[in-house]
Amino acid sequence: MKKELRDVLLFTFIVLLITTFSAISNSMVYGNKYGGNMTFIMSIYPIVSAILVEKGFNIKTVAKDKLSVTYLIYFSIIFILSLLSLKYEVFMDAFRFIIPSTALLSLYILAINNKVLVGNFSFKELFKWIIVILVILNVLMGASNYYMIKDIYVKDLMTRSVFSITTGLISNICFIFFTIGEEYGWRYFLQAKLQKISGKRVGVLLTGLIWGLFHVPLYGFLFYSGLEGVYACVNIVIFCIAMGVFLGLIYMRGNSVIMVSLIHSLNNMYRAGGIVSTQTATPDAAAISQFFIFSAVMSLVLFMPFLLANEYAKK
């Protein structure tokens, strides 16, 4: 138990430290200009942190595992480029070419058939969870539209859904390298250890909390600012706690990082169009701040009931 607690604390310290440093330093130099790039870059931090802690920072042990070697080399390259970009913007511009080329790494990661990533992957289970998350997201987005603009825009919801499981799904597979980078750290490493320490329910909630805190530098420094940023940070923490219950359940049932990564990616792809229908005018800052409160409540209502699943009741 002491080892698990030590690993959790060390992992959390490392991942939050490098995330905070990356977000603040980039924000100080470029404002929110490269927020999109930083989202991809920072998604690698959880798996790298987990690998280093898991392997005891032993390079020889890391070198024996293809997955670990791939992510650590990629991390080393992008982190060095990120540091150089603080002085020379051309290095940040280079990510416009580096990030798309990662599709090849995604195919490689899937091809090595790593047991931790594959787990008990099932297309039948994947299809079931895709249906569930799309229903939830449509309810969430429909309610958001109605709250903000007093209209649901069913056509927009259907367009998002169809895109998410067609073109969006292909895109998710091509860039699953990044989502695996998150889910390996959050679900495979952190959730498993916290549940062993604190129990299934408390463990998954603590995982969601740390996952949310991981997003705070991104939302507080690169995406938003001022009071709006505070609301955004509170909202993303609550969303991650609630969504973490859902993703945690998917992982517990299949022990598949790939499956939970695909559902995570689908959520990102669906929400990529914005927090409300793209057919409407952009809400002002005050309205968005108020909306964050509504969004947090809706996330709790829609995702927290999964905490009642049998998997969370088992010892």
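## The largest cavity

The lining of the largest cavity divides into six nonpolar residues, five polar and no charged. Here Ala, Val, Leu, Ile, Met, Phe, Trp, Tyr, Cys and Pro count as nonpolar, Asp, Glu, Lys and Arg as charged, and the others, Gly among them, as polar. This is a predicted model, where local features need pLDDT of at least 70, side-chain atom pairs count only at pLDDT 80 or more, and totals for chains, interfaces and linings use all residues. Residues are numbered from 1 along each chain as its sequence is written, and side-chain values use heavy atoms, with hydrogens and water left out.

The volume of the largest cavity is about 60 Å³. On a 1 Å grid over the protein atoms alone, a cavity is a set of points where a 1.4 Å probe fits but cannot get out, and lining residues have an atom within 4 Å of a point. A volume is the space filled by probe spheres set on the points, which are joined across faces, edges and corners. Among the lining residues you can find Phe21, Ser22, Met38, Phe79 and Met92. Helix 1 and helix 5 each give at least two residues to this lining; helices are DSSP runs (H or I, at least four residues) numbered from the N terminus.

Buried means under 20% relative accessible area, with a 1.4 Å probe and protein chains only.

Contact means heavy atoms within 4.5 Å.

## The second largest pocket

Next comes a pocket, an open set of points with protein on both sides within 12 Å along at least five of seven lines. The second largest pocket holds about 180 Å³ of space. Its lining has eleven nonpolar residues, no polar and no charged; among them are Leu110, Phe121, Ile173 and Leu262. Helix 9 supplies the largest share of this lining, four residues.

## The nonpolar core

The largest nonpolar core has 97 residues, and Ile44 is one of those with the most contacts inside it. Such a core is a set of buried Ala, Val, Leu, Ile, Met, Phe, Trp, Tyr and Cys residues joined through side-chain atoms within 4.5 Å. Ile44 touches Tyr71, Tyr74, Phe75, Ile78, Phe177 and Phe178, leaving out residues up to four places away in sequence.

Conventions. Buried < 20%, exposed > 50% of the residue type's maximum accessible area, 1.4 Å probe, protein only.
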